[in-house]
Amino acid sequence: MNPYIIFSQTKLQCVSDGTIKPLLENCESAAKILVLVLPQLGDFDSLEYAWWLQREAQNLANQKIAIRAVGIGNLTSGRKFCEYTGFPQENLFVDENAELHQKLNLYPGLKVSVPGLSLGQKSWLNLMLMCAGIGSPGTLKEVFRGYKGDKQAPQLIADDEMIEGTPLPAFKGSFFKLAGGSGFQRPFELATLRLKNMVEVLKNWSTYVPSSAYLTQRGGTFLFNNQGELLYEYRDPGILGFAANMSQPLSFLPIDN
């Protein structure tokens, strides 16, 4: 089935007011509609994708691109996600059982089965295997990119920005100049943002991940015009693979910089 038809028929709980409403409600005046089907709201990919969207929020608004996101979780995890990332509550919907992901036939992740393990234990085992690159192509390469830097990616942290929320003492973004300069993604810059996200989730694990049943479930990105025609589609193949171009995750959008 056409993804737009699925989305147009989908009703989910909206994080802003907790009501069940159509996913595409109030998108009629948008020039384009961007629908993000996220993994668990405590997943690396969900948090990092939201960071990029907030970085370009004004440009997206100027282009009249309506954004709707669906993440695996509940109302509490949705509100915590928005509080941490700044993602607008009115644009985020939650799906506790990944039903939308299944309708769209998105990659459920590795499903190695070991006798005697509970559902949650199996999910954790498969998640760990995927983090090691098994059943998750590109994950290890992306992890290393976060440490070594990327001259094809923009600078992620401003020189005057204070970095807090990691196991390290707070420090200024200008520290990364020492690792390689400025104007591009410096060594350890992306890894630092990911470490910050990891600390946030681990501190609030039960809030972000109320159920471990869908730890491995991957997401997808869908862009439509105002007639409902599919302009772009991307289905995540693994962990840290939420974009076709991870150096510039939003490069498929018509953003004016």
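**Exercise 1. Determine which residues join H2 to H4, and describe how the two helices cross.**

Solution. Step 1: Ser46, Leu47, Ala50 and Gln54 of H2 are in contact with Phe81, Tyr84 and Thr85 of H4; contact means heavy atoms within 4.5 Å. Helices here are DSSP runs (H or I, at least four residues), numbered from the N terminus.

This is a predicted model, in which local features need pLDDT of at least 70 and side-chain atom pairs count only at pLDDT 80 or more, whereas totals for chains, interfaces and linings use all residues. Residues are numbered from 1 along each chain as its sequence is written, and side-chain values use heavy atoms, with hydrogens and water left out.

Step 2: By class, the contact of H2 with H4 holds 4 nonpolar, 3 polar and no charged residues. Ala, Val, Leu, Ile, Met, Phe, Trp, Tyr, Cys and Pro count as nonpolar, Asp, Glu, Lys and Arg as charged, and the others, Gly among them, as polar.

Step 3: The axes of H2 and H4 (residues 75-85) come within 10 Å and cross at roughly 45°. H2 is therefore oblique to H4. Angles under 35 degrees count as roughly parallel, over 145 as roughly antiparallel, 65 to 115 as roughly perpendicular and the rest as oblique. Axes are lines fitted to C-alpha atoms, for helices over the stretch in contact, and angles run from 0 to 180 degrees between N-to-C directions.

Step 4: H2 and H4 cross in a right-handed sense, that is, with the near helix turned clockwise from the far one by less than a right angle.

**Exercise 2. Characterise the packing of H8 against H2 and against H7.**

Solution. Step 1: H2 (residues 44-55) and H8 (residues 189-203) pack at about 120°, their axes lying 10 Å apart. H2 is therefore oblique to H8. The crossing of H2 past H8 is right-handed.

Step 2: From H2, Phe44, Leu47, Glu48 and Trp51 meet Leu190, Leu193, Arg194, Asn197, Met198 and Val201 of H8. This contact of H2 with H8 comprises 7 nonpolar, 1 polar and 2 charged residues.

Step 3: H7 and H8 pack at an angle of about 110°, with axes 4 Å apart. H7 is therefore roughly perpendicular to H8. Glu142, Val143, Arg145, Gly146 and Tyr147 of H7 make the contact with Glu189, Leu190, Ala191 and Arg194 of H8. The contact of H7 with H8 divides into 4 nonpolar, 1 polar and 4 charged residues.

**Exercise 3. Describe the linings of the largest pocket and the second largest pocket.**

Solution. Step 1: The largest pocket is lined by 33 residues, of which Phe44, Arg194, Leu195, Asn197 and Met198 lie nearest its centre. On a 1 Å grid over the protein atoms alone, a pocket is an open set of points where a 1.4 Å probe fits, with protein on both sides within 12 Å along at least five of seven lines; lining residues have an atom within 4 Å of a point.

Step 2: H8 gives the most to the lining of the largest pocket, with 8 residues. The lining of the largest pocket contains 23 nonpolar, 7 polar and 3 charged residues.

Step 3: The second largest pocket is lined by 14 residues, with Gly138, Lys141, Glu142, Arg145 and Met246 nearest its centre. H7 supplies the largest share of this lining, 5 residues.
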